[in-house]
Amino acid sequence: PSVGGAQVNVLEVRGERGLRNTAIVHVSVVFRTPTHLWVLQVSYPEWGLFHTCACVCVCVFPQVHVKMADEAVCVGPAPTSKSYLNMDAIMDAIRQTGAQAVHPGYGFLSENKEFARRLAAEGVTFIGPDTHAIQAMGDKIESKLIAKAARVNTIPGFDGVVKWRRADECRCVCLLGYPVMIKASAGGGGKGMRIAWSDDETREGFRFSSQEAASSFGDDRLLIEKYIDNPRHIEIQVLADKHGNALWLNERECSIQRRNQKVVEEAPSTFLDPATRRAMGEQAVSLAKAVQYSSAGTVEFLVDSKKNFYFLEMNTRLQVEHPITECITGLDLVQQMIRIAKGYKLQHKQEDIPINGWAIESRVYAEDPYKSFGLPSIGRLSQYEEPVRLSGVRVDSGIQEGSDISIYYDPMISKLVAYGASRADALKKMEAALDNYVIRGVTHNIPLLREIIVHPRFVAGDISTNFLPEVYPDGFKGHPLSAGDRRELLAAAAALHIAAQLRSQRFLGEQRVSAAAQERRHWELCLELEKSVHMLAVSHSRGTYTVEVDGEKVEVSGEWNLASALLPLSINGSHKVLQCLTRSPAGDISLQYLGTTFKVRVLSVLAASLSKHMPEKLPEDTSSILRSPMPGTVVGVAVKPGDTVAVGQEICVIEAMKMQNSMTAAKTAKVKSVHCKTGETVGEGDLLVELE
């Protein structure tokens with residue numbers, strides 16, 4: 001097999017859930033991304049890319065990308081410092097497999113100039129830009145200076161490394177004025193970034209940002225810029241070859257974020273007009289040419305309400321959200337990267353790049369959206385079904401039913417993409433895809449994703465990077481039920497309860513006892529939902545349940561396949577897809593409805609009258625104890641028994657999936673006991689500290 005006459009093999013060095021990388025010509029994928037699973041699935045047969053190898057850590061051998069690859073090479077244990085950041089182990093894997101090229105995906109060493117340099121020294125092609133461009137754009141301080149020289153709009157800030165301990169360099173804070181943004185010079189993906197509104201927040205921000213930067217990138221240098229409040233985050237995809245040609249492939253709107261990490265992206269943006277789009281695209285291409293860039297790359301901008309835009313950073317790799325650009329342009333970016341690495345010229349000119357339709361991407365995470373819009377969750381996927389059967393839906397993932405989500409890596413499960421002829425069409429398809437996505441065994445963020453895409457502000461395009469805290473100032477609480485929603489949910493729960501009862505009375509479609517009395521047609525039920533009690537009358541005829549709820553009649557019909565994870569129903573003639581998560585003999589039902597899980601108790605009138613005599617478990621007093629809100633590693637404990645702590649004082653720091661989280665006291669009290677120590681791994685709900 002050959003690409004332009006060259007022999008080609010593909011090696012993938014990929015991580016735990018296949019979420020980070022792929023390589024060509026005996027190509028090596030050195031990290032963990034759905035991009036690499038995509039290469040394994042497609043393998044560009046017209047080029048002969050059909051021999052593949054996956055480089056993995058010890059805990060990932062059952063994963064999808066490993067099964068799809070022809071070879072697998074273990075590069076070390078799960079901790080990234082011993083596997084995917086271990087260049088020596090990865091280089092050994094490349095030599096062992098005879099890889100001729102490496103595709104780095106979008107994680108770990110994908111923007112590491114030393115890794116690219118070592119590949120070049122071995123005569124191995126790096127499917128990405130050269131070391132000069134990686135170094136120039138990978139360092140946020142140097143990239144900003146280059147952007148200024150290329151006449152790219154930049155954010156006001158201090159042009160150099162800032163260390164809080166040096167008072168003379170901290171004068172930049174006074175010159176800029178609060179708020180300021182503290183960023184890791186070598187960072188990306190929202191890691192090593194903090195917003196500070198005061199001197200105290202600046203000190204804390206420097207501490208956490210430097211620690212996260214050192215942990216994630218091996219470089220703790222920081223820079224500081226003026227923070228632009230309430231902006232949009234819009235990025236331009238660029239593509240450049242080794243012959244001086246460069247294109248901009250339109251924009252991606254990435255303003256929906258939490259903790260500076262993207263949650264929902266779309267292409268194109270509802271905000272940009274053709275003139276602004278062109279100006280941003282031309283500046284992005286100017287920057288790419290200034291560093292002789294050759295590959296796919298992304299130039300990120302902050303855009304204010306008046307459409308003024310400022311350079312943020314350039315990512316010298318493929319972005320997580322690249323599929324939405326592929327949808328609206330028709331270009332396969334991975335294929336283009338391989339062609340460029342081989343030395344071919346770009347196939348297209350700027351006037352050839354279209355905007356066809358609309359694409360939206362939701363990042364599906366193993367996270368609890370009710371905790372700070374998403375704290376990591378771990379566990380095994382006991383049931384997993386992707387909505388790939390739906391038209392216009394694409395799912396990039398590297399996991400399957402039975403896969404484990406661990407504390408060692410990013411908690412992303414998949415990239416869920418919906419594409420339509422218009423934005424309204426794409427939103428409708430995304431809504432259906434989220435309703436039909438089955439994930440069991442870990443907590444996930446589908447409730448938040450679904451609420452975002454149906455929120456009136458998002459539908460109207462009225463968004464900014466502050467969207468989540470503005471829309472949910474008290475935190476995300478799930479879908480707020482309207483009166484109509486409540487009736488639909490109660491009716492569906494009652495119909496499901498009766499359908500299960502009727503099924504239990506039958507065997508192979510017949511009554512279990514032939515002499516049994518005629519099947520019942522009417523029921524009186526008592527349902528409890530969100531601390532409210534509702535009396536329902538239910539009648540059944542020809543597969544349709546008529547439920548009277550609060551004086552209103554609701555008709556519910558469906559196939560009632562209780563073995564299926566999905567429960568497609570017709571409710572008053574409207575198609576809805578629910579999921580029955582749990583159902584107990586005591587009448588407790590958990591239903592996923594409009595993305596959110598609701599607990600409903602369904603009882604007969606007699607059982608309801610007796611249930612009031614049952615004692616209730618009193619909730620735990622959480623003001624005197626501190627439990628871990630997520631699984632992770634304790635990286636610091638700031639108190640000991642006998643210490644007095646104040647409200648909001650830091651007690652310990654938990655690192656989960658490369659992000660550090662400060663745990664604080666809920667009240668002023670004396671520390672009674674400490675149940676954790678630095679270096680320990682803790683689970684969600686584990687007791688950390690007790691207060692008197």
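## Contacts of R252

A polar contact of 3.0 Å joins the side chains of R252 and T298; the term covers a pair of N or O atoms within 3.5 Å, where, within protein, one atom must be able to donate a hydrogen and the other to accept it, and residues adjacent in sequence count only if both atoms are side-chain atoms. The R252 side chain also has a polar contact of 2.7 Å with the side chain of T325. The model is predicted, so local features need pLDDT of at least 70 and side-chain atom pairs count only at pLDDT 80 or more, while totals for chains, interfaces and linings use all residues. Residues are numbered from 1 along each chain as its sequence is written, and side-chain values use heavy atoms, with hydrogens and water left out.

R252 lies in strand β13 (residues 246-258). Helices (H or I, at least four residues) and strands (E, at least two) are DSSP runs, numbered from the N terminus. R252 is buried, with a relative accessible area of 0%; buried means under 20% relative accessible area, exposed over 50%, and partly exposed in between (1.4 Å probe, protein chains only). Leaving aside neighbours within four places in sequence, R252 is in contact with residues including H233, E235, E266, A267, Q319, E321 and H322, where contact means heavy atoms within 4.5 Å.

## Backbone geometry in loops

The peptide bond joining A267 and P268 is cis, with omega about -5°. P268 sits in the loop between β14 (261-267) and α9 (274-290).

E530, a residue other than glycine, has a positive phi near 50°. Its place is in the loop between β28 (522-529) and β29 (532-541), and E530 is partly exposed at 45% relative accessibility. L594 is not a glycine either, and its phi is positive at about 55°. This residue is in the loop between β34 (588-593) and β35 (596-604); L594 is buried, with a relative accessible area of 12%.

A barrel is closed by 8 strands in the order β28-β29-β30-β31-β32-β33-β34-β35, with antiparallel pairing. Two strands pair if DSSP finds at least two bridges between them. From one strand to the next, the twist averages 35°; axes are lines fitted to C-alpha atoms, for helices over the stretch in contact, and angles run from 0 to 180 degrees between N-to-C directions.

T546 stands opposite E555 in β31. Helix α16 (residues 483-504) packs on the sheet and touches β28, β29, β30, β31, β32 (567-571), β33 (574-583), β34 and β35. The direction of α16 makes about 125° with that of β28.

## Helix α11

Helix α11 (residues 333-342) has 9 of its 10 residues buried, so it is largely enclosed by the rest of the structure. Among the buried residues of α11 are L333, Q335, M337, R339 and A341.

D332 caps the N-terminal end of α11, with a side-chain oxygen 3.1 Å from the backbone nitrogen of V334. Just after α11, G343 has a positive phi of about 105°.

## Cysteines

The whole structure contains 0 disulfides, a disulfide being a pair of cysteine sulfur atoms within 2.5 Å. For C652, the closest cysteine sulfur is that of C676, 4.7 Å away, which is too far for a bond. C652 is buried, with a relative accessible area of 0%, whereas C74 is partly exposed at 39% relative accessibility.
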